[in-house]
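Let's take a walk through this model together. Keep the sequence and the 3D view open as you read.

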Amino acid sequence: MIADGERSPCGDPGRDGMADMTSVPRIQLNDGHSIPQLGFGVFQVDPAETERVVGDALETGYRHIDTARIYGNEEGVGRAIATSGIPREELFVTTKLWNDDQGTQSAADAFERSLDRLGLEYLDLYLIHWPAPARDRYLETWETFIRLRESGRVRSIGVSNFLAPHLERLIRETDVPPAVDQIELHPYHQQPATAEYAEANEIRIEAWGPLGQGKYPLFELPEVTAPADAHDKTPAQVVLRWHLQRGHIVIPKSNRRERMAENLAVFDFELTDDEMAAITGLEREGRVGSHPDEFN
Ligand code: NAD
C-alpha cells in the first residue's frame, strides 16, 4: 500500500528552528497517484486564523492539507500556500463539494469556485462530502467528478462518509471506484464493514476525527497510556500511530504549533501486535458525527 521509495519532501526548519524530524510515507491510490499518509485538517479553524494556522502547519513540515467548501476557510488555506513559497508539486491539497452543490452542472461550478478561492491551478483530491441519499444526486455528481478528472484540473477524485452500499452503487453504475473514502474513524468507531468493502475495491480509507475530536477520554485509557509510556510517546501519538499501522490516511487537526509537531512525530516508533490489538479492541460504535444515511 505504501508507494515504494516515495516520500513527501520535508519542510525546511521552521521559524523557531524546529526541524522536521521525519518524512511522511505516501500511500498509492488506485488511479496511479499517491497521497502523503499524514496530513493536516482544518475543520473548525476560524477563517480569520486559517492563514496563520496553515502557515504554521506548513512550516512544521505538513505538506498535505484537508479543507472543504463548508469550512469557509479555503481562501485562508490558499493564502498560506501562496506565501509559503513551497513549490506546488510538493503539496497535496484536498477540498470537498458540499451537499447543496451536488448535481451535474452545480458540482462543476462549485469545483471552479473552490479552485478560485484556493488560488490553485489544479486540485490533488476532490471529495463528495456526504452521500446525502435523500437528495439522490451523488451518482450524477460522481459522473461530473469523473469528467473533472479527465480535464486534468483535479488529479484524484473520491468521496467522504460513503457507506458500502453508496460505494457499491458508484462502482456498479460508472465502473470508476473512488480513490479514497474519508470517513469518521477512531478507536471507538472503526466502521469495519465500510473499511472491508473499501479494501476489497482498492479504495483507501482516510480517517476523519482520528483523535475522536477530543470528545472521548481516549488519552486516559490504559490501552493507550501503557504503549505511550512504553515508547516514550504521548497518547495522541499512540492513537495516530495505530491509524498509520492500520494503513489509514490520517488528517489530525490542531491550532497549536506544539501539537502540530507532536502529531507529525509518529514515524520513529512502532506499536507491537498486542498493543495494536488492544486499541482495536476499544471499538464501541461511538460515532461523533452524523449518520451518513440520515444527513442530507
Ligand atoms: P480530530 O480527531 O483531529 O481532533 C481534533 C481535536 O483534537 C483538536 O481540536 C484538539 O482539541 C485535539 N488534539 C489535536 N491534537 C492533539 C494532541 N496532540 N493532544 C491532545 N489533543 C489534541 O478531529 P477533526 O478535526 O474533526 O478531524 C480531523 C480533520 O478531518 C478535520 O480537521 C477535517 O479536515 C476532517 N474532517 C472531515 C469530516 C468529513 O465529514 N469529511 C468531518 C470532520 C472532520
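Is Asp268 buried or exposed? With a relative accessibility of 57%, Asp268 counts as exposed (exposed is over 50% relative accessible area, buried is under 20%, partly exposed is in between, using a 1.4 Å probe and protein chains only). Before going on, note that this is a predicted model, where local features need pLDDT of at least 70, side-chain atom pairs count only at pLDDT 80 or more, and totals for chains, interfaces and linings use all residues. Residues are numbered from 1 along each chain as its sequence is written, and side-chain values use heavy atoms, leaving out hydrogens and water.

Asp268 has a partner: Lys233 makes a salt bridge with it, with the closest N and O atoms 2.9 Å apart (a salt bridge is a side-chain nitrogen of Lys or Arg within 4 Å of a carboxyl oxygen of Asp or Glu). Lys233 itself is buried, at 16% relative accessibility.

The structure holds 17 salt bridges in total. Another one joins Arg69 and Asp101 at 2.7 Å between the closest N and O atoms. Here Arg69 is partly exposed at 27%, while Asp101 is buried at 9%.

Now look at Arg52 and Glu49, whose side chains meet in a salt bridge of 2.5 Å, N to O. Arg52 is partly exposed at 36% relative accessibility, and Glu49 is partly exposed too, at 30%.

Finally, find Arg257, which is buried at 15% relative accessibility. Arg257 sits 204 residues from Val53 in sequence, yet their C-alpha atoms are 8.0 Å apart in space.
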